[in-house]
Each structure stands twice: as structure tokens, then as C-alpha cells.
Amino acid sequence: MYMSEFEVLIPKLGESIQEATITKLFINVGDSVKEDDLLFEVATDKVDSEIPSPVSGTIKAILCKVDDVLAVGKVAMVIDLEGKNIEFSESNQIASKEESDTKPEEKTNKADYKKTIAKRFYSPLVKNIAKKEGIPLDELENIEGSGIGGRIQKNDLIRLIEERRSVVPEGSSQQSLLHSEIKTSTADTIPKSKVSVSIGSEDSIIEMDRVRKLIANHMVMSKQTSPHVTAFVEADATEMVLWRNRNKNDFQTRYGEKLTFLPFFTEAVAKALSEYRMINISVDGDHIILRKNINIGIAVATNNGNLMVPVIKEADSKNLLGLTKEINLFAEAGRKEKLNPDQLQGGTFTITNFGSFGNTMGTPIINQPQVAILAIGTIEKKPAVIETVMGDTVAVRHKVFLSLSYDHRVVDGMLGGKFLRRIADLIEAFDPKRII
């Protein structure tokens, strides 16, 4: 890179994000840009981000195009800092990633380089399946993909594997071995048979947006990964509800924050997680990852009907005011889809509030790679039997159903049941004399 040039890199968009998809280009080669002018938009499995220009100058080269997947740190564009007039050409409008990464001394070996480098993009999933099945790169290059621009999708590769199996004599040892390998390496990737859907003349077809597709895939993956078990408990939240009703106006006057019920449940969950550390884990193959920090994700519905899960980091170290501030901030930013990537990373447990939609209870799906998720139902007044020193009596109480879905690979019924019961006990033991 010359001193008068500036390379625009794909920025780090979160602790676990390694690559991003280019979804939009705002400029062309030869355009003049000022600092903070938008250059391009990227999308990850968490959030979309618009990338501004760090400098002023003229766009000299664009090394990517829409739908390209670039690793974090890769060069996306080159800006001429001197702002010279640059003539548009196909070579500087879209350059291959291999060419942009090639150093001057390597160009003499360009012919050999092309022999070992793929001529088109392959997703990590496709490359992983190909590697396990022993499919060489030259064979991949000859497969006609069904994706955009001929890109190979997992369905194309599964079809090839099935065709390979069909040409091996049935009953042979090679057939058995191949069947076993395919079953173990592609069990999570072979798509289910599509349901035949009849479409009437008055029906409408709505294309899923990118976020909805990601959510759909993530939900299916979670159910395929974890054997889900859901436990239920009904908690008496009367003291908590009455305290909140008495103090919510003073709380808002003093701190400028609206006090909802969710911070109370989050506080209880954080304390229970600190006592039951084996719920605050993830599974990596045959290993259990015990998470040091308790980072609680809060499911937030966006205005367009999608779902985002911002994360309260180290939730067990925050008081009621701290939890309230973060939850209110996340709720507002989440509805407008203004959350940044860091706010969506690192969760170790998730809470979803079915009660905000008037639902009594539900069976939530685990947010991978976590192993449990809590759903909160609506709080309702109910007649309940109360034990007193004078004997049993019936009184009106505020009751709420809590449901915990957990990964039965690592969380047994006893652990899941005790953890859920502990959350309910903390809610029921709420101190009515608590100071704001």
C-alpha cells in the first residue's frame, strides 16, 4: 500500500464474529468521500452495520461486491488520500480476494497459485462437509451450484454424496462404511423433506427477510442440537407486585427509569445462576465449557416482528437500578434495531417474557450455544390457599408461571428442577420492606 492510499478493512463486529456478508455498496470507484460518509453495509448472524469512511479521499478500488463474504480484517476498499481523479475500470471496481491479498513478490507464481485456490466462494459448512467426505477441490469446482452466481449450497453437496452412495453395490462393506460416514458427518445438515404447500389464487407469498431466515435456521439448529425438556412452576409474586406498584412512581421520579417486572426476574435468575453454576455452561463436543461470567440475554421483539437478544454482561454484579437501566435501553434500541454487535454477544443464559403478550406460559427454544432458557408468563390474580397460624384461608394472590427449557444432554431433571424452583423461591421471598 502506498502512503497516499488507505485500506478500508472489514471491522471487528463482535467477539465471536469472524466474517460478514456485504449487503450494500453506497459508492463507486472514482467517487469522492468525506470522513464518516457511508461506504458499505455488512450483515452478520446478529446484526446489520453500516460502515463509514475513516478518511477523506477518492475511492480507488472496490475489492468486494454484494453477497461476498469477507473475513474480519480483510481489505474491502482502497481510498486515495490525495483525491486524484481515478478512471473507472472493471479491474479496480471488483477485484478478487486472492489478488488483493497477493504480495508483489508472489505474483510471479500466479499460475501455480490459481491451481490450488478455489475460483469461487465456498461456505464453511460446505468446506467442512467436503473435507469429511473426501471431496477434492477440483471436483467441487465442477459442481453446478444452485445458489446465487452458481454458488454451491449444502443441498448440492448432499445430493452429490447421495449419488456417490447409490453407485456403490448395496450390501458391500464399502456401502456400509460410506453410509455410516454420511450419517455421522451430515446428520445435522441434511434438510427435512419439504412440505407440499398448495397456493390458492387469492393467497400471497411473502419473502422472508434476512433476519427472519437467520432466526428460522437458528431455531431449527437448536432443536436438532439439543434434546429439549421443559419444566414448569407457578410462583407467588404477590409481594414483588405490591412493592413495585407502591414504588414505581417514586422510582421513575428519582432515577428517570420506568420500573417493569422484568428486572426483578432478571435479578432472581442471576442469583440462581450464581448458585447453580452448571446451568451457566455451553457444550463443545464432549466438553462442557463452564462460563465464568453470568451474562443474561433478554429477548426483545423488534417493530418489524423479528427477534433480537441483547445481553446484560455480569448481571449478577448489578443492582435493581442497573438492571432496569440496561433492560430499558435494550428494549428501546431493540425495537428500532439499533443495537450494536457487542450488545448481542456473549450471552450465557436467556430470558423471554411471554407475559408481555398476555400468554400464560410457553416452551421456549434454547438460544445456542447456551443450555437453558427461562420463559415468564403473565402475572394474574388468582384465589389461593394460604397457610396461617389460624389455619388455612383463601386469598387473592398474584401468580405467574415460569417455564425452563433445558438441554437434557448436560442438564438432568434434578438440576433443572432445582434451578427453576430456586428462581420461584427467590420471587416468593421478595422483601416487602426493601428500600428503593
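Biologist: Why is V197 called exposed?

Modeller: This is a predicted model, in which local features need pLDDT of at least 70, side-chain atom pairs count only at pLDDT 80 or more, and totals for chains, interfaces and linings use all residues. Residues are numbered from 1 along each chain as its sequence is written, and side-chain values use heavy atoms, with hydrogens and water left out. The term exposed requires over 50% relative accessible area, buried means under 20%, and partly exposed lies in between (1.4 Å probe, protein chains only). V197 has a relative accessible area of 63%, and is therefore exposed.

Biologist: Where is V197 found?

Modeller: V197 belongs to the loop between α7 (173-186) and α8 (210-225). Helices (H or I, at least four residues) and strands (E, at least two) are DSSP runs, numbered from the N terminus.

Biologist: What makes the nonpolar surface patch of about 350 Å²?

Modeller: V197, I199 and I205 make this patch. A patch takes residues with over 30% relative accessible area and no salt bridge; nonpolar side chains (Val, Leu, Ile, Met, Phe, Trp, Tyr) are joined within 5 Å, like charges within 9 Å. A salt bridge is a side-chain nitrogen of Lys or Arg within 4 Å of a carboxyl oxygen of Asp or Glu. Areas come from the Shrake-Rupley method with a 1.4 Å probe, and for residues only the protein chains shown count as cover.

Biologist: Is S222 buried or exposed, and why?

Modeller: S222, in helix α8, has 0% relative accessibility and therefore counts as buried. Of the 436 residues of the chain, 40% count as buried.

Biologist: Which residues are in contact with S222, leaving aside its neighbours within four places in sequence?

Modeller: They are H228, I365, I366 and Q368, where contact means heavy atoms within 4.5 Å. S222 and Q368 lie 146 residues apart in sequence, but their C-alpha atoms are 6.0 Å apart in space. Among contacts in the chain between residues at least 6 apart in sequence, 63% join residues at least 24 apart.

Biologist: What is the order of the open sheet of 4 strands?

Modeller: The order is β5-β4-β2-β7, with antiparallel pairing. The edge strands are β5 (48-52) and β7 (69-71), as each pairs on one side only.

Biologist: How many bridges join strand β2 to β7?

Modeller: There are 3 bridges between β2 (residues 19-25) and β7. A20 stands opposite L70 in β7.

Technical notes. Pairing = 2+ DSSP bridges.
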